[in-house]
Amino acid sequence: WLFDESPSMKVRRDAVAERFENIYKQLGLLEGVETKNGVLKSAIVSFGKDFHFITKDATDDVKQLVELVRKGIPKDESGKENVFTAVEKAVAKYREYRSREHRNCLLVIVTDERGDDFGVNGEKLDQVIQATTAAGFKVFCVGNAAPFGQEKGYANYTDDDGNEWTDLPIDQGPE
């Protein structure tokens with residue numbers, strides 16, 4: 001799981017954390033605290049201007065994952081979302097699970113923008129597509145839509161002090 005550290009993503013991260021246990025239960029993998037026989041392991045990575053491996057290794061401890069999503073992801077107020085760099089680093093770190101342990105690997109990106117490290121003509125996107133394909137990783141994204149490839153959009157945001165911001169310009173995506 002790759003989570004955007006932006007303050008605007010706090011509500012969405014909390015919503016994902018709320019659903020984590022339910023997701024694992026629906027998959028039939030949750031028995032108490034750990035998944036059955038370690039079948040499904042997950043890791044938490046976060047990104048903003050920088051990236052952070054929130055879990056040291058992939059784990060099947062769902063309660064730990066929920067706690068880390070709720071409280072372990074730093075808040076990055078830089079306004080930068082370097083998602084493509086985070087994907088590259090996650091693939092490099094977790095590639096061994098695919099090769100050594102013969103596991104299926106997927107990345108779920110949770111963000112509200114396409115990423116500031118996209119590149120001028122999407123060259124970083126092309127590099128990441130090659131890296132994930134070569135490593136055999138599938139990538140899914142949970143985020144805002146970009147209808148018909150629309151690059152610019154607007155979002156509303158309420159900060160920690162209750163101030164409401166409307167029509168903030170964003171790089172549409174993450175499609």
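Me: Where in the chain is confidence lowest, and where is it highest?
Reply: This is a predicted model, and its confidence is lowest in strand E3 (residues 34–35), with a mean of 50. The highest value, 97, belongs to strand E4 (residues 45–47).

Me: What is the mean pLDDT of the chain?
Reply: The mean is 85. Of the residues in the chain, 89% reach 70 or more.

Me: How many helices and strands does the chain have, and what pattern do they follow?
Reply: There are four helices and nine strands. Along the sequence the pattern reads β-α-β-β-β-β-α-α-β-α-β-β-β.

Me: Why is strand E6 called largely enclosed?
Reply: Strand E6 covers residues 105–110, and five of its six residues are buried, so the rest of the structure largely encloses the strand.

Me: What makes Cys105 count as buried?
Reply: Buried means under 20% relative accessible area. Cys105 has 12% relative accessibility, so Cys105 counts as buried.

Me: Why is Cys141 called partly exposed?
Reply: Partly exposed lies between the buried limit, under 20%, and the exposed limit, over 50%. Cys141 has a relative accessible area of 38%, so Cys141 is partly exposed.

Me: What share of the 175 residues of the chain counts as buried?
Reply: The share is 41%.

Me: How do you know that E6 pairs with strand E1?
Reply: A pair needs at least two bridges. Two bridges join E1 (residues 2–4) to E6, and these strands run parallel. Across this pairing, Phe3 stands opposite Val110 in E6.

Me: How do you know that E6 pairs with strand E7?
Reply: The requirement is at least two bridges, and six join E6 to E7 (residues 137–142). These strands also run parallel. Here Cys105 stands opposite Phe137 in E7.

Me: Which unit do E6, helix H4 and E7 make?
Reply: Together with helix H4 (residues 123–135), E6 and E7 make a β-α-β unit, and it is right-handed.

Me: How many disulfides does the structure hold?
Reply: The count is zero. To be counted, a pair of cysteine sulfur atoms would have to lie within 2.5 Å.

Me: What part of the contacts with a separation of 6 or more comes from residues 24 or more positions apart?
Reply: Such residues account for 69% of those contacts in the chain.

Me: What is the accessible surface of the chain, and how much of it belongs to carbon and sulfur atoms?
Reply: The accessible surface is about 10200 Å², and carbon and sulfur atoms make up 49% of it.

Terms used. Residues numbered from 1 in each chain as written. Predicted model: local features only at pLDDT ≥ 70, side-chain atom pairs only at ≥ 80, totals over all residues. Heavy atoms only, no water. Buried < 20%, exposed > 50% of the residue type's maximum accessible area, 1.4 Å probe, protein only. Right-handed = clockwise from strand over helix to strand, strands pointing away. pLDDT = per-residue confidence, 0-100. Contact = heavy atoms within 4.5 Å. Areas by Shrake-Rupley, 256 points an atom, 1.4 Å probe, with all protein chains shown as cover.
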